Amino acid sequence: MTTQSIGKNITHWGWTLSVFFFVSYLICIGFGLLAPGRFHMHEAWAPLMPGFEWLTVTGFVAGAAWSFAYGWYIAVLVVPIHRFFGRGARS
């Protein structure tokens with residue numbers, strides 16, 4: 001695997017995970033709007049997403065940005081780690 005293919009893998013997984021987390025975030029917001037208050041998850045999100053506030057425009061944007069950023073964060077860490085540990089399996 002070359003450095004260029006690592007970059008392509010990071011890009012591929014970055015977009016994949018970011019869109020997955022963003023869509024999951026939207027589903028959770030929708031669930032929070034439909035479900036009774038005792039089932040809401042927004043108290044759990046607040047420590048993980050600085051700036052997130054339930055049912056505010058700035059809070060929604062902050063949560064969306066953090067969910068998208070977490071996908072890239074995971075891709076940047078996991079792809080090289082996977083490459084490192086995958087070397088021995090191919091020998």
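Q: Which residues does Ser67 touch, not counting residues up to four places away in sequence?

A: A contact here means heavy atoms within 4.5 Å, and by that criterion Ser67 touches Ser18, Phe21, Phe22, Tyr25 and Met49, with residues up to four places away in sequence not counted. This is a predicted model, in which local features need pLDDT of at least 70 and side-chain atom pairs count only at pLDDT 80 or more, whereas totals for chains, interfaces and linings use all residues. Residues are numbered from 1 along each chain as its sequence is written, and side-chain values use heavy atoms, with hydrogens and water left out.

Q: Where does Ser67 lie, and is Ser67 buried or exposed?

A: Secondary structure is read from DSSP runs, with helices being H or I of at least four residues and strands being E of at least two, numbered from the N terminus. Ser67 has its place in helix 3, which covers residues 57–90. For burial, under 20% relative accessible area is buried, over 50% is exposed and anything in between is partly exposed, with a 1.4 Å probe and protein chains only. Ser67 has a relative accessible area of 4%, so this residue is buried.

Q: What does the side chain of Ser67 reach?

A: A polar contact is a pair of N or O atoms within 3.5 Å; within protein, one must be able to donate a hydrogen and the other to accept it, and residues adjacent in sequence count only if both atoms are side-chain atoms. In this model the side chain of Ser67 reaches the backbone oxygen of Ala64 at 2.8 Å.

Q: How do Ser18 and Phe21, two of the residues that Ser67 touches, compare in their accessibility, and which residues does each of them touch?

A: Ser18 has its place in helix 1, and because its relative accessibility is 0%, Ser18 counts as buried. Beyond four places in sequence, Ser18 touches Ser67, Phe68, Gly71 and Trp72. Phe21 is also found in helix 1, but its relative accessibility is 25%, so Phe21 counts as partly exposed. The C-alpha atoms of Phe21 and Ala75, which are 54 residues apart along the chain, are separated by 12 Å.

Q: Which residues make up the largest nonpolar core?

A: In soluble globular proteins, nonpolar side chains tend to be buried together. A nonpolar core is defined as a set of buried Ala, Val, Leu, Ile, Met, Phe, Trp, Tyr and Cys residues joined through side-chain atoms within 4.5 Å. The largest one here has 6 residues, namely Tyr25, Ile29, Trp45, Met49, Phe52 and Ala64. Trp45 touches Tyr25, Cys28, Ile29, Phe52 and Trp54, not counting residues up to four places away in sequence.

Q: What do the whole-chain values say about the overall form?

A: The protein comes to 3 helices and 0 strands. The radius of gyration is taken over C-alpha atoms, and the globule rule is 2.2 Å times the number of residues to the power 0.38. A compact globule of 91 residues would have a radius near 12 Å, but this protein has 17 Å. The C-alpha trace spans about 55 × 25 × 20 Å along its principal axes, and 25% of the 91 residues count as buried. Among contacts between residues at least 6 apart in sequence, 58% join residues at least 24 apart.
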